[in-house]
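Here are my comments on the model you sent.

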Amino acid sequence: MIFSEDFPWYPFFTVLSFLWGAATGSFLNVCIYRIPRDESVVKPRSHCPHCNQLIPWYLNIPIFSYLMLMGRCRFCKARITPRYVLVELLVAALFLLVWLKYNVVMGARPLGVVPIVSAGLVPVLWLYVSGLVLATFVDFEHMIIPDSVSIGGMIVGVILSPLVPAMHGVDTALAALIQSAIGLALGFGMLWSIGKLGSAIFRKPAMGFGDVKLIGAIGAFTGWQGVLFTVVGSSLVGSVVGISLVLVGGKRMQSRIPYGPYLAVAAVIWIFWGQTWWQAYLDLLTRPALGS
Ligand SMILES: [Zn+2]
């Protein structure tokens, strides 16, 4: 537990980050269900997919309601998919971690080093991880990544970068805008080329265009370093998971596995530990040779 004498509200904001994350996760559940079905995410109000009963607000409290109802609909007792509570817990944890690492009030950095911090970084990263979670769970279920997340993410990333230059570890709006544009172009270009190359070799589509647009959005938020890390990291995570699935489940190599979740996992790792690894890499390059 972290307390600061200088800022008595710190524990309050820490709890609030978690609760705000749970509430956002609850809204993302609605988006995950409705966006691929082309339904509005604002209305109608939530109802049980089995008995169609409207869910009153007091049974729609993130995490808590699911536990209280023991995962069943209050009215028809149908099972509620555990994905709802999983997404709420996941987003709550991510929001909390973003707050702990990137808030400006604490001197302590529990999860690593950050070169430049800014008050704008926490809400920007909350938005960013929300997009990644949304893309991941829609891709799992429908094998698509909605354009509102990928193309929307590119646009929002480019607009936010000059407003919060700390996103790219720089201190001027122009430098941040350039970083964002380079990240977008590099990410898009890299996965597009890999996809083209793969299609030429395997004579079938190797990479979904949704993945290409998603890495463009990741680049718009994180710049070229984030893109390189995410492309390499996602292929490592993807290989490990892919090989495990083949060994354990007897899935054939050709089985289509959604790639968006791997991109998202690597992009989240970059948020929390990327700068640490990048710095370690730079130190390695610039370290004087032994014996000199
Ligand atoms: Zn029901």
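**Notes on the helix packing**

1. Helix 6 and helix 7 cross in a right-handed sense. Their axes cross at roughly 115° and come within 6 Å. Helix 6 and helix 7 are therefore roughly perpendicular to each other. By class, the residues in this contact of helix 6 with helix 7 are 14 nonpolar, 10 polar and one charged. Please keep in mind that this is a predicted model.

2. The overall make-up is simple to state. The protein has eight helices and zero strands. Read from the N terminus, the order of elements is α-α-α-α-α-α-α-α. The protein counts 292 residues, and buried residues make up 35% of them.

3. On contact range, consider the contacts between residues at least 6 apart in sequence. Of these, 66% join residues at least 24 apart.

4. Does the length of helix 6 agree or disagree with its residue count? Helix 6 covers residues 173–202, which is 30 residues. At 1.5 Å a residue, the span should be 44 Å. The end C-alpha atoms of helix 6 lie 43 Å apart, so the two values agree.

5. Which residues of helix 6 are buried? They are Ala176, Gln179, Ser180, Gly183, Leu184, Leu186, Gly187, Phe188 and Leu191. An α-helix has 3.6 residues a turn, so residues three or four places apart point the same way. The partners of the buried residues of helix 6 are helix 5 (147–163) and helix 7 (209–249).

6. Now the pair formed by helix 3 and helix 4. Two packed helices are described by the angle between their axes and the distance between the axes. Helix 3 spans residues 83–102 and helix 4 spans residues 121–142. They pack at an angle of about 150°, and their axes are 10 Å apart. That makes helix 3 roughly antiparallel to helix 4. The crossing of helix 3 past helix 4 is right-handed.

7. Which residues meet where helix 3 packs on helix 4? From helix 3 come Val87, Leu90, Val91, Leu94, Phe95, Val98, Trp99 and Tyr102. From helix 4 come Leu121, Val122, Leu125, Trp126, Val129, Ser130, Val133 and Phe137. By class, this contact of helix 3 with helix 4 has 15 nonpolar residues, one polar and no charged.

How values were computed. Residues numbered from 1 in each chain as written. Predicted model: local features only at pLDDT ≥ 70, side-chain atom pairs only at ≥ 80, totals over all residues. Axes fitted to C-alpha atoms, helices over the stretch in contact; angles between N-to-C directions. Helix = DSSP H or I, 4+ residues; strand = E, 2+ residues; numbered from the N terminus. Parallel < 35°, antiparallel > 145°, perpendicular 65-115°, else oblique. Left-handed = near helix turned anticlockwise from the far one by under 90°. Contact = placed C-beta atoms within 7 Å. Nonpolar A, V, L, I, M, F, W, Y, C, P; charged D, E, K, R; others polar. Buried ≥ 20, exposed ≤ 12 C-beta atoms within 10 Å, placed from the backbone. Expected span 1.5 Å × (residues − 1).
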